[in-house]
Amino acid sequence: MNTEIKSHLTTADIKQMARALGISDLGICSAEPDYALLARLPDGKTPFVAPAKERIAPRSVLSSAKSIIVGAFHYANPPQAKANISCYAWIADYHSVIKEYLTRLLENIRKSAPQTEGYIFTDSSPLCDKALAYRAGLGYFGKNSLLLHPKFGSLFF
């Protein structure tokens, strides 16, 4: 049985929910496989990296996926006293912090669209999260291959 989820939520509504939660920026893209990315990914056969075909296909993680919501979380910390450590490491582990924010966002979305299914991850999925952020309109690739946000530069998760 194929049931399509209908919701009155718009992209603007979801972005407003994200802003209200303190998420710095948010983009949404299709869950269709990114075949252009497939051509650029090595299909390494290691136990640590999923096959390239899985890494480009959001439905390999959540078969019912129609859209991908990607959050950008800006970090900017005042300089510490000559610390030889990256500024993102001065804060709590971003994996758990971001997961909390995204869990609250998904809960808020489900209040308006109870049938919504979701899969939350931060660097913990086989999917190419940087490519998804690009497809969701959260930035552009610099010469160093980092995704650069128009407002935050490279200082975001």
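Author: Start with confidence. pLDDT is the predictor's confidence in each residue, from 0 to 100. This is a predicted model, so local features need pLDDT of at least 70 and side-chain atom pairs count only at pLDDT 80 or more, while totals for chains, interfaces and linings use all residues. Residues are numbered from 1 along each chain as its sequence is written, and side-chain values use heavy atoms, with hydrogens and water left out.

Reader: Which elements of the protein chain have the lowest and the highest mean pLDDT?

Author: Elements first. Helices (H or I, at least four residues) and strands (E, at least two) are DSSP runs, numbered from the N terminus. Helix 3, residues 52-55, has the lowest mean pLDDT among the elements, at 88. Strand 1, residues 25-30, has the highest, at 97. The protein chain averages 88, and 90% of the residues score at least 70.

Reader: Over which residues does pLDDT stay under 50?

Author: Where pLDDT is low, the predicted coordinates should not be read in detail. Here that applies to residues 1-5, where pLDDT stays under 50. Contact means heavy atoms within 4.5 Å. For residues 1-5 the model has 3 contacts beyond four places in sequence.

Reader: How many helices and strands are there in the protein chain?

Author: The protein chain has 5 helices and 4 strands. From the N terminus on, their order is α-β-α-α-β-α-α-β-β. The radius of gyration is 17 Å, close to the 15 Å that the globule rule gives for 157 residues, so the protein chain is as compact as a globular protein of that length. That radius is taken over C-alpha atoms, and the globule rule is 2.2 Å times the number of residues to the power 0.38. Along the principal axes, the C-alpha atoms fill a box of roughly 60 × 40 × 25 Å.

Reader: What share of the residues counts as buried?

Author: Buried means under 20% relative accessible area, exposed over 50%, and partly exposed in between (1.4 Å probe, protein chains only). Of the 157 residues, 32% count as buried.

Reader: Is L26 buried or exposed?

Author: L26 sits in strand 1. Its relative accessibility is 3%, so L26 counts as buried. Leaving out residues up to four places away in sequence, L26 touches I14, K15, A18, I69, V70, G71, L105 and L138. Take G71: it is 45 residues from L26 in sequence, yet their C-alpha atoms are 4.4 Å apart.

Reader: Now a residue from a helix. What is Y134 in contact with?

Author: Y134 belongs to helix 5. Its contacts, leaving aside neighbours within four places in sequence, are G139, Y140, F141 and L147. Y134 is partly exposed, with a relative accessible area of 43%. Its C-alpha atom is 23 Å from that of C87, 47 residues apart along the chain.

Reader: Last point, the backbone. Where does D123 lie?

Author: Most residues other than glycine have a negative phi. D123 has a positive phi, near 60 degrees. D123 lies in the loop between helix 4 (94-112) and helix 5 (129-135). D123 is partly exposed, at 44% relative accessibility. S145 also has a positive phi, near 75 degrees. S145 lies in the loop between strand 3 (140-141) and strand 4 (147-148). At 40% relative accessibility, S145 is partly exposed.
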